[in-house]
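Subject: Structure for your review

Dear colleague,

Please find the structure below, followed by an account of what was found in it.

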Amino acid sequence: MVAGPWYHGEWQAAKGDKIGDIPFGGHDTSVEFRQNIEAPFFRHYLHGSGEKFAWKASTFQSGSNSWHTYPEWPPKAAKAQDLYFHADGTLSFDAPARPGTVQYTSDPANPVPYRPRPVSPTYPGGDWRTWETADQRFVDQRPDVLSFVSAPLDHDLTITGPVAAELFASTSGT
């Protein structure tokens, strides 16, 4: 498994040196992927030369700007940690003292946009390369959008491995 910091298909781009407008500080991740992973993989499996990879997964961690390989997936060193949405709009590693509820009204006739209007074409030639990292706070005050904010982190946080969500919800819709 390989997980790179790319929009769909960017592994074949000239450099892959940023995601959206966020640069990776000197890493041409697309080139690194093709030279260090893709080409050796095809040499081994299609041409019968070169070594088989000793690792099962390789991921690019954008926070540290580095590739990491793992002998198994998920990584043995990964430890599960719960993160909680609180009814007051906070996000915390601490479980809420008591369950709370948050209500909002969703109107399918007025969907939440993921980009501000007017929406430019995504592809070809539009903002396909930048929309994933675009600021979406413009919808934060809509009555059908829930936002949760954590306290500032006091240390770096690396998320590697499976990510799962448990959401308890009900609806008055049909």
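Threonine 59 is buried, at a relative accessible area of 8%, where buried means under 20%, exposed over 50% and partly exposed in between, with a 1.4 Å probe and protein chains only. Threonine 59 belongs to strand 4, residues 57–61; strands (E, at least two residues) and helices (H or I, at least four) are DSSP runs numbered from the N terminus. Beyond residues up to four places away in sequence, threonine 59 touches Met1, Ala3, Ser66, Trp67, His68, Tyr70 and Trp73, contact being heavy atoms within 4.5 Å.

The model is a predicted one, in which local features need pLDDT of at least 70 and side-chain atom pairs pLDDT 80 or more, while totals for chains, interfaces and linings use all residues. Residues are numbered from 1 along each chain as its sequence is written, and side-chain values use heavy atoms, without hydrogens or water.

Backbone geometry

Most residues other than glycine have a negative phi, and most peptide bonds are trans. Asparagine 65, in the loop between strand 4 and strand 5, has a positive phi near 55 degrees. Asparagine 65 is partly exposed, with a relative accessible area of 23%. The peptide bond from tryptophan 73 to proline 74 is cis, its omega being near 5 degrees. Proline 74 sits in the loop between strand 5 (66–70) and strand 6.

Pocket and surface patch

The largest pocket holds about 2,200 Å³ of space. Its lining comprises 50 residues, of which Leu83, Tyr84, Phe85, Ala165 and Glu166 are the closest to its centre. Strand 6 and strand 7 each contribute at least two residues to this lining. A pocket is an open set of points on a 1 Å grid over the protein atoms alone, where a 1.4 Å probe fits and protein lies on both sides within 12 Å along at least five of seven lines; lining residues have an atom within 4 Å of a point. The volume is the space filled by probe spheres set on the points, which are joined across faces, edges and corners.

Leu83 also takes part in a nonpolar surface patch of about 610 Å², together with Phe93, Leu153, Leu157, Ile159 and Val163. Such a patch joins nonpolar side chains (Val, Leu, Ile, Met, Phe, Trp, Tyr) within 5 Å, from residues with over 30% relative accessible area and no salt bridge. Accessible areas come from the Shrake-Rupley method with a 1.4 Å probe. Leucine 153 is placed in the segment after strand 8 (149–150).

Histidine 86 and alanine 95

Histidine 86 lies in the loop between strand 6 (84–85) and strand 7 (90–92) and is buried at 14% relative accessible area. Leaving out residues up to four places away in sequence, it touches Ser92, Asp94, Ala95, Pro96 and Phe148. Alanine 95, in the loop between strand 7 and strand 8, is in contact with Tyr84 as well as His86, its neighbours within four places in sequence set aside.

Salt bridges

The structure has two salt bridges, each defined by a side-chain nitrogen of Lys or Arg within 4 Å of a carboxyl oxygen of Asp or Glu. Aspartate 135 pairs with arginine 137, the closest N and O atoms lying 2.6 Å apart. Aspartate 135 is partly exposed at 43%, whereas arginine 137 is exposed at 63%. Aspartate 144 pairs with arginine 142 at 2.8 Å between the closest N and O atoms; aspartate 144 is buried, at 11% relative accessibility.

With kind regards

Technical notes: Patches are made of residues with over 30% relative accessible area and no salt bridge: like charges are joined within 9 Å, nonpolar side chains (Val, Leu, Ile, Met, Phe, Trp, Tyr) within 5 Å.
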